[in-house]
Amino acid sequence: MPYKDFYELMVEPFSNAPVARFYFAGPEHERCLRKLRYGIDNMKGLAICVGDIGAGKTTLARRLLDSLPDREFEAALLVIVHSGITASWLLKRIALQLGVPNPANEKLALLSQLYRRLIHIYEAGKKAVVLIDESQMLKSRDIMEEFRGLLNLEVPGRKLINFVFFGLEELDQSLRIDEPLRQRVAIRTWLRPLNLESTHAYVRHRLKLSGATREIFSAKALDEVYRYSHGIPRLTNTICDNVLFEGVFTKQTVIQPELVKEVAIDLDLEPLEPEPSSLVEHATDTEKTSTPKTSTAKAEDTFLLTDDDLQFEDNSPKPQAAAARTNSETPAARDAATNAQPRTTIAAMPPQEREKELKEFDELLSELERY
């Protein structure tokens, strides 16, 4: 029996294909969309969106494309499938996507065609936007120079074309091939993984759109989904799809965390290590309750002997100050550092007390030398 029948769903909810109807408007995705749309609306030139594998960049790119009304934008999405593409191939594809008929093979003629088309789009009161997915595969200097040249096409007050790159973190390395192009990046946003709360909402969102009328995953099961998916939507889909499949055979009408864990182990997924909250709380409590350091407390960390601490019977020149550093584990050092009370000079002491004081001082110096 297909699991969608067992769980009374209309369609399978966890396909990894970028289906527009399943788009999840989570905080991270909406934040990225806002920034990218700002760059497009104001024709900033070049915007980039970087994210980990499976974070949802392709889904976000398609969502952004769908959000651009035809009456205002001449927009296209170009997906790079191979790192070996040439600059001439890319220019032709961009020209075709923007409506240039029969792009020329010769570069200058092609650029002239593209420029005229961009002027036509501008005069029609529209904005030209090209979204490029998997753009980390663009790794040649020639390609980067072509993008830089296209971004130089302007009319007074604005650029004629806007590019939005979607890619892995390696995209930043690709942009470093051409420093002038990298400096033209006007908007940069990072598509972060979902957090625990968003993962719960994401799974429930897709189930609801698939026809679910009740809770299928227990809250603890969703905690496990997050722990093994690390908040990455693609892994979340894969785990949930497999869990529902296994749930049919184990007759689990409500998925329990043990089944999620079994499936994740079969998929060879590593759990997200829990944050050592007890240690964090302990450190925080210590910081809250510890007494602010005064000058006396500071002296427990650093002990200095200066020439003011040494008085002599005769009028011979004082030696240079002796300096030593020790930890507060040494009782003698701690006592010497923290006792700031006025004291009788060695010269004014009776002979027996003077000998005793000098002996203690010699012992203290010997102890300091060991540190």
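1. Helices here are DSSP runs of H or I, at least four residues, numbered from the N terminus. This is a predicted model, where local features need pLDDT of at least 70, side-chain atom pairs count only at pLDDT 80 or more, and totals for chains, interfaces and linings use all residues. Numbering runs from 1 along each chain as its sequence is written, and side-chain values use heavy atoms, with hydrogens and water left out.

2. Helix α10 itself spans residues 219-229, and its buried residues (under 20% relative accessible area, 1.4 Å probe, protein chains only) are Ala221, Leu222, Glu224, Val225, Tyr226, Tyr228 and Ser229. Their cover includes α9, α11 and α12 (257-266).

3. Over in α4 (residues 87-97) sits Ala95, buried at a relative accessible area of 0%. Skipping neighbours within four places in sequence, Ala95 has contacts (heavy atoms within 4.5 Å) with Val100, Pro103, Leu110 and Leu114.

4. Now the second largest pocket: it holds about 410 Å³, taken as the space filled by probe spheres set on grid points joined across faces, edges and corners. A pocket is an open set of points on a 1 Å grid over the protein atoms alone where a 1.4 Å probe fits, with protein on both sides within 12 Å along at least five of seven lines; lining residues have an atom within 4 Å of a point. There are 23 lining residues, with Gly54, Ala55, Gly56, Lys57 and Thr59 nearest the centre. Elements giving two or more residues to this lining are α3 (57-66), α9 (196-209) and α11 (233-250).

Terms used: Buried < 20%, exposed > 50% of the residue type's maximum accessible area, 1.4 Å probe, protein only.
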